[in-house]
Amino acid sequence: MDKKVVITISRQYGSGGLKVGKRVAEELGICCYDSEMFRLVSDDSAMHDSHVAHDARIKDTSLFDVAKKTYDEHPDDELLEKDEQLLMKNLFEYQSDIIRRLADRESCVIVGRCSNYILRDREDTVNVFVHAPMDFRIRRASSIHNMAEQELENYIRGMDERRSDYYHIYTGEEWLDVSHYELSLDTGRLGIRGAADMIRRYLEVRFGEKFGKD
């Protein structure tokens, strides 16, 4: 793969968006960065402890190096701010800087963290939204959460609402606005493999070259 490309994935809870992102990354031979990985390198104590760089999720990726350089450029107490609203704003700005630097550095898949908005002006970025019908999402989530069906549906809707609120707070935009995405993929119809394949095919159409491992 000669062309550098960044794929951002926003997703409804339970739709399998993270699995889609990981599968695309595997097929393209690039890294997939998710919210848990960003959380890990956003912890102040973790950035002073080199063992984080050897975490199985981070080892052999650029994330720790990029995060450390970004962390070193932030004011010493910025990420320790006691005011919760200011702390969250600082964390968002810190993670946004990491996302921009990763996008400058390499081809990758970035899941969540408003990455589509943060990278919205880049010509090398493809923004994807992954969604699915509620029954599909309930089936997937039931393997993780031991809840009655109605309780699980309420939980899923609540998670979507949290993601929507987070997106609006930090971008001023609506999470479900279709104009923010080039592709909207239904994993209930396509499945994880089919959605990943659609992304790869779209890359080939848009950039005019083959994408995938040799």
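E153 sits in helix α7 of this predicted model. With a relative accessibility of 17%, E153 counts as buried, because buried means under 20% relative accessible area. The side chain of E153 has a polar partner: the side chain of R157, at 2.8 Å. Setting aside neighbours within four places in sequence, E153 is also in contact with M134 and I138.

Let us step back to the whole protein. Its secondary structure comes to 8 helices and 5 strands. Starting at the N terminus, these elements follow the order β-α-β-α-α-α-β-α-β-α-α-β-α. Of the 214 residues in the protein, 50% are buried. Among contacts with a separation of 6 or more, 69% are between residues 24 or more positions apart.

The largest nonpolar core has 30 residues, and the ones that touch the most other members are F38, L63 and I98. Two or more residues of this core come from each of α2 (35–40), α3 (63–73), α4 (84–105), β3 (108–111), α5 (115–118) and α7 (149–171). Helix α4 gives the largest share, with 6 residues. What does L63 contact, leaving aside its neighbours within four places in sequence? The partners of L63 are Y33, M37, F38, V41, I58, I98 and L102.

Is S15 buried or exposed? S15 counts as buried, since its relative accessibility is 0%. Not counting residues up to four places away in sequence, S15 touches V130, H131, A132, F136, R137, R140, T187 and I192.

Helix α1 itself has 12 residues, and the distance from its first C-alpha to its last is 17 Å, close to the 16 Å expected at 1.5 Å a residue. Its buried residues are G17, V20, G21, V24, A25 and L28. Viewed down the axis of α1, the buried residues fall within an arc of 130°, so they line one face of the helix. Which elements cover these buried residues? The cover includes β1, β2 (31–33), β3, β4 (125–131) and α8 (187–207). After α1 comes G29, which has a positive phi, near 70°.

The last part of the tour concerns charge. Side chains of opposite charge can pair when their charged atoms come close. How many salt bridges are there in this model? The count comes to 15. One of them joins the side chains of D104 and R122, at 2.6 Å from N to O. Because D104 lies in helix α4 and R122 in the loop between α5 and β4, this pair ties together parts that are 18 residues apart in sequence. D104 is exposed, having a relative accessible area of 52%, whereas R122 counts as partly exposed at 23% relative accessibility. R122 also forms a salt bridge with D124, where the closest N and O atoms are 2.9 Å apart. At 12% relative accessibility, D124 counts as buried.

Helix α8 holds another pair to find. D197 and R200 form a salt bridge whose closest N and O atoms are 2.5 Å apart. These two residues are 3 places apart in helix α8, so about one helical turn separates D197 and R200. Both D197 and R200 are buried. Which residues do salt bridges with shared partners join into one network here? The network links R23, E27, D197, R200, R201 and E204.

Technical notes
Residues numbered from 1 in each chain as written. Predicted model: local features only at pLDDT ≥ 70, side-chain atom pairs only at ≥ 80, totals over all residues. Heavy atoms only, no water. Buried < 20%, exposed > 50% of the residue type's maximum accessible area, 1.4 Å probe, protein only. Contact = heavy atoms within 4.5 Å. Core = buried A, V, L, I, M, F, W, Y, C linked by side-chain atoms within 4.5 Å. Helix = DSSP H or I, 4+ residues; strand = E, 2+ residues; numbered from the N terminus. Expected span 1.5 Å × (residues − 1). Arc of directions from axis to C-beta. Polar contact = N/O pair within 3.5 Å; in protein donor to acceptor, adjacent residues only side chain to side chain. Salt bridge = Lys/Arg side-chain N within 4 Å of Asp/Glu carboxyl O.
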